[in-house]
Each structure stands twice: as structure tokens, then as C-alpha cells.
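Dear colleague,

Please find the structure that I am handing over to you below. My notes on it come after the sequence and coordinates.

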Amino acid sequence: MRFDPTTGDVRTCCDPDTQLPLPYCPQGLFLHVAPVEPTSSYDCSVQVPWWKDITLRVGLLSSKTRLVRVKNVLTEQEDTLEVPSEETVGQVRQRYLTLNAHAESYTWKALGRTAGGAGSQFEFRELDLNKTLQENGVVDESGAFESLDMPSDYHLDVEACAEIEGLAAGFDKDAEAIKGLMGLGLGFLEVGSVTPKPQPGNDKPRVFRLPELKATINRYGFNSAGADAAAHHLESFWKRVEHHPDIKPGVLGVNLGKNKLSEDAADDYAIGLMKLGKYADFVVINVSSPNTPGLRALQGRQQLQDLVTFVKTTRDNLDWGPGGPPPLLVKIAPDVSDADKADIAAVVAATQVDGLVVGNTTISRPGAVAEHPQGGEAGGLSGPPLLSLSTQVLADMYRLTGGRVPLIGCGGVSSGEDAYAKIRAGASLVELYTALAYEGPAVVPAIKQQLAECLARDGFANVADAVGADHKAAGGGLKRSRSWGRGG
């Protein structure tokens, strides 16, 4: 089942022949299908004016077959069909006519980069109906679609964070303590993870301290009061800010999770976005908790690409007002293979997601953790033993994304040196959590002071100059991350 953000309906998207559910098709190009002349209306479950354009999206399934989706952008109604690579555009059009008789009056155009254009400059060009997609220049000889480079206009504004030190999700799961936490001197924080429906999480005991290592193992399982409760708390907070100008809110992120028994993760994240996105400066899709069965499987290339595309489409179809939509980030696990990392980087490029949070807790038990009396407990490990692993994954993601994507470094940060290591590895911002539990509020200003000393010691005027320094020193020649921020 799929949640339709336009109508609020739940519907099933199936192949018209097999009636089997079809995956979303985020890769590929857009074919623009526009009426030659406006027609009065078209019965698409409701009467709608048909002067609106519709879009046909082509996604590569294999070297032989492509999935073609025709979408009415006004109603979100979709038609889907498969097209062999050797078929001409006219044959594609004829296939579509079997689904929509009105298509006879449409011109078919491909969306491609403008001549000499860069970044996100594109134009529509009319297709020759007698030629295949390859002959039209839509795909190359290998059958791959026209390459769309990394986007040049990420929206999350790192400059908006007065301090680069933030609080990771999990501490304030239901958005109940925002004012107090911001008062600690944090530049930003993530509330959540918030699930659409309330759920109790896993059975207790579900959190275990390893005090000798200043580490923690938890298996909370997304215990959450639900999106409605979080929305109430967030709305109350922003009303307080509105009536009390002395409250400095900082940058606020909302971390979204899925319900344990949900059959459709995409719907859960979309619903969370719709209910909570208006209160957030950025939104995080959490697909990396080890404590919800099947969640980490969503980090697979196709699963992640389908999920992010669906949530991003939901976001882009909503009216956000003059401030624009909140940036969309994805939180990944530190327990990812090299192939997983490459896949995630490819999804970032294909979906133009606004940033990554790297990363969550680990299911590994490095060093002394394995021998600790509590080390055998199931769940995710956090604290200093996670630092090396999470920082290496952070560095890999910075390299794989070419330094173009804002990264939030999370995992094992308990000192200014730790934060500095994350920054040099590629983080524009850093988050802590377990250190606050062990050291208390004093750790926040301590990390700031120590970080300032690290920057001065190595001759950096500010944090931005140090982002990715390890890669630059190695001759990587990577670009600085684009800024991201609400309406930025």
C-alpha cells in the first residue's frame, strides 16, 4: 500500500499486467508529456482540468527492460508499463495510449541538461517518435541514462548553526525538553526518533551501561509517544519562542522512525514528515537503528532509493510557505560494507538528498567491549569504543560523495579532539549523546573550548576551513560541502 500525500488516500501501485506491486523508480530521466492543446477535463477518479502537464519517468531495470511511469502531477494518479530498450518513443507512446486515450494529443519531450549548463540547469527537448531512447540521446550505448551530476544546490545551511556541536536523536525522543537542552549551549539538536503511532519499544531492561568504558548498549526499539504527541510538544515550543524572544531556539531537527509492525516504511516516514516537518529546520530519515527488525535492510541501494524518493516527493508536493521545505537527511549505520557505502553515495547523487548523519550505534563489540560483563547484551553500542569505526565511515562517505554533501558526524564524540577528528574526516557538524549522559552538561562547553584549541594549533581560522582537511592533505582535491538550511 502507498500513502498518497495529495489526497490522503492509501492506494496500491501495481503492474497493470501482473498486478504485482511495483517499486518506485527514482533513477533515470523525466520525459515531459504536455498537451498540444488544453482539453476540458479527464476523469481520473475526480474531474480535473487537463491543462496541467503530466510527467513520464523512465527507470532502468536492466539492460533489456525499462520501467515507464506516467504521472499526473495534479492528482498524483500514475500509470506504469514496461518498455524494452529497442522500442521507439512512438511505440512507448502507443503503449501509453492503451492506458490513456487522451495521450494522442500530447507531445513527448525529454528532460536533459542545457547546452553548456551546469548544476541543475535543464531544458526539455522534443523526442523523435521514430527513434529509440538511445537514438534520441536519452541513454548512452551501455543503456545507462544521461548522467546527472551531484546537485549543486543543497539546502541545509551549516552557517545557520551558531555552534557546530549538537545533540543526537534519542535523548529527547518526544520533543519534551527542547528549551532546556538548547540552554546547554548546543547549536542544534535532533528530537526523536518519532514513529507515526505510539509504541512502547522493546521490553525492559533495554539499556546497559559500561561505565569503565564510558559506553552504553541500548535496545530501546523506537519507544515513542507517536507523531501527534511530538507535534503537540513542538507546536508548544515554537509558540513559546514566538511569545518569548529571549528564548534562543537554535537549529531544530526531527528524526523520523517507522513503527515496528508497519507494513510500509515509506508511508511511515511520509506521514511523519507531513505531521512534523513544519516544525523542523531539517528532517532525518532514520534507517539505521539496529533495534527495529528489518530497518537496516532499508539501507540497500534500491530500497533506500525508493524510500528517499517517495519521502522527498511527498515533501516537494506539500505547501511549505515562504520558508520552503525542510532539508531531508538520511541517518546511516556504521556497520556498512564498502559496497554499501558506494550504494549509499549513489543514492545521495540520484535523489539529491540534502545530507547524511554518520552514523548510528554499532552492533559490533570492539576491543574491551567484547570482554565486558555487559558486552554480550544485544543492541547498539555507543560511546568512545564507537569513535574509530564511525569516523572511518564518515571519511569514506565524504570521499565517495566528493565532499559535496553536508555530513553530520555522530558516534563516540566525548572531547574536542574527537569532534576535531570528525571535522577533519569531513563532518560539517558533530553530535554527541552518550558523553552527555556520563559527563553531564559541562561536557558541552568543554568540547567547544578543546575544539577551538585544536583549530588554533593547526592554523585553522574556523571550523569550515578544517572540514575534510585529512582528505585535502592527502591530495584528494575534494570540494567543500554545499550549505544547507531552511529556505537557504
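The notes below concern one glycine and a set of aromatic rings.

This is a predicted model, in which local features need pLDDT of at least 70 and side-chain atom pairs count only at pLDDT 80 or more, while totals for chains, interfaces and linings use all residues. Residues are numbered from 1 along each chain as its sequence is written, and side-chain values use heavy atoms, with hydrogens and water left out.

Glycine 380 belongs to strand 19 (residues 380-382); strands are DSSP runs of E with at least two residues, and helices are runs of H or I with at least four, both numbered from the N terminus. Glycine 380 is buried, because its relative accessibility is 0% (buried means under 20%, exposed over 50%, partly exposed in between, with a 1.4 Å probe and protein chains only). Beyond its neighbours within four places in sequence, glycine 380 has contacts (heavy atoms within 4.5 Å) that include Thr216, Pro290 and Thr361. Its C-alpha atom is 4.7 Å from that of threonine 361, 19 residues away along the chain.

There are three aromatic pairs (ring centres of Phe, Tyr or the six-membered ring of Trp within 6.5 Å; planes under 30 degrees apart are stacked, over 60 edge-to-face, the rest tilted). One of them joins phenylalanine 171 and tyrosine 433 edge-to-face, at 5.5 Å between centres and 65° between planes. Phenylalanine 171 lies in the loop between strand 11 (165-167) and helix 2 (178-182) and tyrosine 433 in the loop between strand 21 (429-432) and helix 9 (434-439), so this pair ties together parts 262 residues apart in sequence.

Yours sincerely
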